[in-house]
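Let's take a friendly walk through this model, from one whole chain down to a single residue. Please keep the 3D view open as you read.

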There are 2 protein chains.
Amino acid sequence: MLRDINAYISSGKQQVDDTLKSVFENKAIPSNLQQSMTYSLFAGGKRLRPILLFASYEAFAKDKNKVLKTASALEMIHTYSLIHDDLPAMDDDDYRRGSLTNHRKFDEATAILAGDSLLTYSFELIATDSLLSPEEKVYLLQSLSKASGAEGMVAGQILDTEGENKELTLKDLEQIHELKTGELISFAITAGAYLANVDKERINHLKDYAYYLGLIFQVQDDILDVVGDPDKLGKPVGSDEANEKSTYPNLLGLEGAKKQRDIYEEKAKTALEKANASDSYLLDLLYFFGQRDH
Amino acid sequence: MLRDINAYISSGKQQVDDTLKSVFENKAIPSNLQQSMTYSLFAGGKRLRPILLFASYEAFAKDKNKVLKTASALEMIHTYSLIHDDLPAMDDDDYRRGSLTNHRKFDEATAILAGDSLLTYSFELIATDSLLSPEEKVYLLQSLSKASGAEGMVAGQILDTEGENKELTLKDLEQIHELKTGELISFAITAGAYLANVDKERINHLKDYAYYLGLIFQVQDDILDVVGDPDKLGKPVGSDEANEKSTYPNLLGLEGAKKQRDIYEEKAKTALEKANASDSYLLDLLYFFGQRDH
């Protein structure tokens, strides 16, 4: 199979964008609120989580129509978390990807409510998806709510905040990232495979793949904050060191961090082989994540 | 049937409290986050929405075990909305029911995340309820997400904020209340009846009952802000007039507001008769809402 990962990503992005646009048609949402929700949804996100979900589904099945709304729901959850993370009481960021953050473009109250709305709508989107059976919806809603809630993504956010200005071990760091970004990545991979009727044993191997992929994503983020190009990243570099943040390079040195990334890559690759999914975009995405420059 | 509404409410409250406590056992939630979530959940709420759900279920069926988790999920959504509404960017309240609001007891970041977590957990609670069928879960998740999201409760919150210092008509006022508080009340009533296998026609009559009940709740709130006893209410009175807020008494005068409440009561009663549910606590709750002094 000949694969072009860049074409795959850009066509996947288009399909997510189209679906996200379509689900706002004919909604009775107050106009200011809807503008705030869609402003952040279409603020240039790379749609990596939906694309991972597509790749996982398509490693085993055809026609990704079935997973378009689930992928869009996932992107909504990711977007809500960014809106709330940017708030003055949290990271207090004025810009994201070169544009004003939601509360700076609108106001704080609207940003809080837009985040709440996106979170709520993500569950509605899955619950009302006419292409899924009740059992499939329940599976997705169970795992998405768990992954994004107080035992998942939000737990990671709290632990990250509490860990600032503290000396963390590599294990602490892995746990925070696993919760804060890994849980949604894991949802993307397992939901895609589940909807493609993959058996439990292979899904477990894919969970391992997702776990290392999430860590690769984070270690590369940390590396780019040291050696990245601010123009490509759309944000200044060096802020982690200035903030004395616990990062891979701060903990292991730059070379150590790169070595750690390679270890994760090897482990992810092995997990993919065990899941019988090496001949798929999941393999390309692994290298894409590890080599990305923005 | 001999009914004691006060005993019914206090035993219902106890069952909600017990269920809410039990669902936090053995959860892997970071301790500070869990404390913030449970602080507001157990801050003296009257549990009116869960009790409405119980009464609706028990008007047609026995043994409310089946609806305990759904009722608790509903209370979580209500609590999350209060936490976010109290934030400095929204109503900026320091106290609620005589206790510090969540962001004053903890901090703003924790309060935002505790609200997010309660919202998310409410969907997880229904999705993982072992007493419900997949079809029942999907029905509940569809209607709860719609009722609480950008076309429901959050829409009401935005419109309420936008309506401040504006002259509103009675119709505007009804629409805002219908969304802001009515949608969750409607969910309570329809979810209870649905889980008791009530047919669609009767559920539609119950929806009418819920609609007027929500308005009664609000008009009485407004009346109490004029003539209520601050000690019983646990908050000062007269703030609506001072804030030039659009309320029933400001719009219709105190006597006009009371007359409007009686009109709503009559309509709710008729709807209840049509649903064949007059011989139930739903009737008592109607008067309980309309006559309450706090």
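Predicted model: local features only at pLDDT ≥ 70, side-chain atom pairs only at ≥ 80, totals over all residues.

Residues are numbered from 1 along each chain as its sequence is written, while chains are lettered from A and ligands numbered from 1 in the order in which they are written.

**Chain A as a whole**

Chain A has 14 helices and two strands (DSSP runs, H or I of at least four residues for helices and E of at least two for strands, numbered from the N terminus). Some overall values for chain A are set out here.

| Property of chain A | Value |
|---|---|
| Span of the C-alpha trace along its principal axes | about 50 × 50 × 35 Å |
| Buried share of the 294 residues | 51% |
| Share joining residues at least 24 apart, among contacts between residues at least 6 apart in sequence | 72% |

A residue is buried if 20 or more other C-beta atoms, placed from the backbone, lie within 10 Å of its own. Two residues are in contact if their C-beta atoms, placed from the backbone, lie within 7 Å.

**A helix pair in chain A**

Have a look at H4(A), residues 68–86, and H6(A), residues 108–127: they pack at an angle of about 160°, with axes 8 Å apart. Axes are lines fitted to C-alpha atoms over the stretch in contact, and angles run from 0 to 180 degrees between N-to-C directions. The angle makes H4(A) roughly antiparallel to H6(A) (over 145 degrees). The contact residues include Met76(A) and Tyr80(A) from H4(A), and Leu118(A) and Tyr121(A) from H6(A).

**Where the chains meet**

On the chain B side, 43 residues are in contact with 43 residues of chain A. H6(B) gives the largest share of that side, twelve residues. Helices H2, H7 and H8 of chain B are also among the elements giving two or more residues.

In H2(B), the buried residues are Leu33(B), Ser36(B), Met37(B), Tyr39(B), Ser40(B) and Leu41(B). Their cover includes H8 of chain A as well as H1, H4, H5 and H6 of chain B.

Is Gln157(B), with its C-beta neighbours inside 10 Å, buried or exposed? Gln157(B), in helix H8 of chain B, counts as buried because it has 26 such neighbours. Leaving aside neighbours within four places in sequence, Gln157(B) is in contact with Leu113(A), Asp85(B) and Lys180(B).

Methods. Parallel < 35°, antiparallel > 145°, perpendicular 65-115°, else oblique. Buried ≥ 20, exposed ≤ 12 C-beta atoms within 10 Å, placed from the backbone.
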